[in-house]
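Colleague: I have just opened this entry and would welcome a guided tour. Could we go through it together?

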Amino acid sequence: MLVGRADPFILPSIPAWPAKEFPGRFHTVSPAAVECHVTMSLLEQAPVNMTIAADTISEHDFRPSATELREQLLLADAGYLDQNYYHEIEQHGGFYLVRGKLSLNPTIEEARNQHGRLLPKLAGKKLQAVKHRTNRSDVLDMVVRSGKFRYRVIRRWFTQEQRFVLWLTNLPREEFSATDIMLLYRTRWQIELLFKELKSHTNLRKFNTEQKAIVEGLIWASLLTLLLKRLIVNSASPGLSLFKAAKNADVWFCPVVTAISQRAMQEIEHHLDWAFQYLRRNAQPSQQSKSKQGKGLHDIYEFFNA
């Protein structure tokens, strides 16, 4: 499961209703703003749960419960960092892989480099005390403790940006190497692509209305449109580019929707057949550059299914 929230959809700052119902965090720039909180199935490439709320409400209120994540893997960014929640997930037989904040400073119990070699001198040290200039391993795979919580941390040094990136997980090292963890986390980007499609290709950027029902209706209509488009694309052929399909939706999708609205069954079938042919020709994924080969979603699927 992927969890995430879209950047706020800005509502007009004119009279009272929008800012009262959906207050924004930045009163001067956007006194009214709506966020969409989504739990998405990575395998189905579609949301399984979505809620809209004011920009000021914490994303923690909209994450899936630990009991729902039995035998599931949760992928989330650093905004969802909560050790109590991750402990609950593990207690209910689930797994998590989340981006860590650089302010984390647990005690290292065990550390290995990217090749699996044990680094005993790091045991007992605080994480932030281990600098790149004193330990030249670009990747550290650690078991750490913070209070009552014991978990696994992967830390990688990015030379070009001169910074560390952290990932927290309870996936076992015996089955998932540090490289596996970093590769697996790349798939979380799919939820960001969903939000980009939702905002850029379903006209969901700004609203010019004070009516709550209209605002909510437009958001839900945009989501339903996205789901229907993705269903058609995935039915046309596995592995097509959802991004390319979304960019050209006015060509192949609008005739289908028009026929559906008119309940013209023969026309629906005709336009769907035409849409399938169009998508197979024009929504094939682009050739990856050498630097990105093996890192696409389907490449990652194949790697872990091998």
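Colleague: Which element of the protein chain has the lowest mean pLDDT?

Modeller: pLDDT is the predictor's confidence in each residue, from 0 to 100. The protein chain averages 85, and strand β8 (residues 139–146) has the highest mean among the elements, 97. Where pLDDT is low, the predicted coordinates should not be read in detail. The lowest mean, 47, belongs to strand β2 (residues 9–11).

Colleague: How many bridges join β5 to β6?

Modeller: Strands (E, at least two residues) and helices (H or I, at least four) are DSSP runs, numbered from the N terminus, and two strands pair if DSSP finds at least two bridges between them. Strand β5 (residues 73–76) and strand β6 (residues 95–100) run parallel, with Leu73 opposite Phe95. The number of bridges joining β5 to β6 is four.

Colleague: Is α5 roughly parallel or roughly perpendicular to α8?

Modeller: Axes are lines fitted to C-alpha atoms, for helices over the stretch in contact, and angles run from 0 to 180 degrees between N-to-C directions. The axes of α5 (residues 212–236) and α8 (residues 265–282) come within 9 Å and cross at roughly 70°. Angles under 35 degrees count as roughly parallel, over 145 as roughly antiparallel, 65 to 115 as roughly perpendicular and the rest as oblique. Therefore α5 and α8 are roughly perpendicular.

Colleague: Which residues of α8 make the contact with α5?

Modeller: Contact means heavy atoms within 4.5 Å. From α5 come Ile232, Val233, Ser235 and Ala236. On the α8 side, the residues are Leu272, Phe276, Leu279 and Arg280.

Note on methods. Residues numbered from 1 in each chain as written. Predicted model: local features only at pLDDT ≥ 70, side-chain atom pairs only at ≥ 80, totals over all residues. Heavy atoms only, no water.
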